[in-house]
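Colleague: Please take one part of this model and walk me through it closely. Then show me how it sits among the rest.

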Amino acid sequence: DPAVLIPVLGLGILGYVALQFFYKGLGVGKVGVVVPIASSYPLITVLLAVVFFGEALSFVHAGAIALIILGSIFLSARVEDWKKPFRIHINEGVVFALLTCVGWGIWYFYSKVPVSMVGPILTSLLVELAIFLVAGFHFAISKQKWISIDWKLGKWVVLAGILGAIGSFSYNFGIRIADVSLVVAFAACTPLVSTLFAYVAY
């Protein structure tokens, strides 16, 4: 269905731009400030899902979502970055973190549109392809030089890509059979998974 190309391209552009904001925030700000703010994107997604998809939140449902989101934020926060008096400065990455939060929040919400049109597998494939094309276009117009990647690093990049594709499909499959507001809360548990993996692996 050609009609699916518009939301897919929109998701590709939004996903890539939000990721660039996130990297920019990490480049100019403190990880312990940028990551927790960016990780609060489920608040945006849940709000949009309730308003536009008419998803109902019971008190227990809302409380569980809040606990998952707060846990993710606390896990990704670095206490030493928050000890200093908190002042919002662009150079601290806060603005980029907020832009990331809004971008990811809309992205996770809007993913429901193509999933309802063509299903989770084709949506995952098309959105990942769209992000790849947008990244390639950005790379071409920015006139950056191509660098060779050491195989030791390259295999991790490939693994990250494979795991990202599995995560994309899993999320899309989840929102096909359940409410976006519920699925996104579990998808936001990445800091917990990362923390446990780092504890085991390192």
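Modeller: Start with the buried residues of α8. They are Pro120, Thr123, Ser124, Leu126, Val127, Ala130 and Val134. Keep in mind that this is a predicted model. The buried residues of α8 pack against α1, α6, α7 and α9. Here α7 covers residues 112-118.

Next, the length of α8. The helix has 22 residues, and at 1.5 Å a residue they should span 32 Å. The end C-alpha atoms of α8 are 31 Å apart, which agrees. After α8 comes Lys143. The phi of Lys143 is positive, near 55 degrees.

Is His138 buried or partly exposed? Its relative accessible area is 29%, so His138 counts as partly exposed. Which residues does His138 touch, once neighbours within four places in sequence are left aside? They are Tyr16, Gln20 and Gln144. Look at Tyr16 in that list. His138 and Tyr16 are 122 residues apart in sequence. From C-alpha to C-alpha, the two are 9.6 Å apart in space.

Several residues of α1 are buried, including Pro7, Val8, Leu11, Gly12 and Gly15. Tyr16 is buried too, as are Ala18, Phe22 and Gly25. What covers the buried residues of α1 includes α2, α6, α7 and α8.

Ser168 sits in α9. The relative accessible area of Ser168 is 9%, so this residue is buried. Setting aside neighbours within four places in sequence, Ser168 is in contact with Ser124 and Glu128. Ser124 is one of the buried residues of α8.

Helix α6 also packs against the buried residues of α8. α6 spans residues 94-110, which makes 17 residues. From first C-alpha to last, α6 reaches 24 Å. That is close to the 24 Å expected at 1.5 Å a residue. Which residues of α6 are buried? Among them are Val94, Phe96, Ala97, Thr100 and Cys101. Gly103, Trp104, Gly105, Trp107, Tyr108 and Phe109 are buried as well.

The largest nonpolar core has 34 residues. Those with the most contacts inside this core are Tyr41, Trp104, Tyr108 and Tyr171.

Leaving aside neighbours within four places in sequence, Tyr41 is in contact with Cys101, Trp104, Gly105 and Tyr108, among others. Its contacts also include Val184, Ala187 and Ala188.

Tyr41 takes part in another meeting of helices. α3 and α10 pack at an angle of about 170 degrees, with their axes 9 Å apart. The cut-off for roughly antiparallel is over 145 degrees. So α3 is roughly antiparallel to α10. On the α3 side, the contact is made by Tyr41, Pro42, Thr45, Val46 and Ala49. On the α10 side, Val180, Ser181, Val184 and Ala187 make the contact.

Stay with α3 for one more residue. Ile44 is found in this helix. With a relative accessible area of 24%, Ile44 is partly exposed. Not counting residues up to four places away in sequence, Ile44 touches Cys101, Val102, Gly105 and Ile106. Take Gly105. Ile44 and Gly105 are 61 residues apart in sequence. In space, their C-alpha atoms are 4.8 Å apart.

Finally, step back to the protein. Its secondary structure comes to 11 helices and zero strands. Of the 202 residues, 36% count as buried. Consider contacts between residues at least 6 apart in sequence. Of these, 87% join residues at least 24 apart. The accessible surface comes to about 12500 Å². Carbon and sulfur atoms account for 75% of that surface.

Methods: Residues are numbered from 1 along each chain as its sequence is written. This is a predicted model: local features need pLDDT of at least 70, side-chain atom pairs count only at pLDDT 80 or more; totals for chains, interfaces and linings use all residues. Side-chain values use heavy atoms; hydrogens and water are left out. Helices (H or I, at least four residues) and strands (E, at least two) are DSSP runs, numbered from the N terminus. The expected span of a helix is 1.5 Å times one less than its number of residues. Buried means under 20% relative accessible area, exposed over 50%, partly exposed in between (1.4 Å probe, protein chains only). A nonpolar core is a set of buried Ala, Val, Leu, Ile, Met, Phe, Trp, Tyr and Cys residues joined through side-chain atoms within 4.5 Å. Contact means heavy atoms within 4.5 Å. Accessible areas come from the Shrake-Rupley method with a 1.4 Å probe; for residues, only the protein chains shown count as cover. Axes are lines fitted to C-alpha atoms, for helices over the stretch in contact, and angles run from 0 to 180 degrees between N-to-C directions. Angles under 35 degrees count as roughly parallel, over 145 as roughly antiparallel, 65 to 115 as roughly perpendicular and the rest as oblique.
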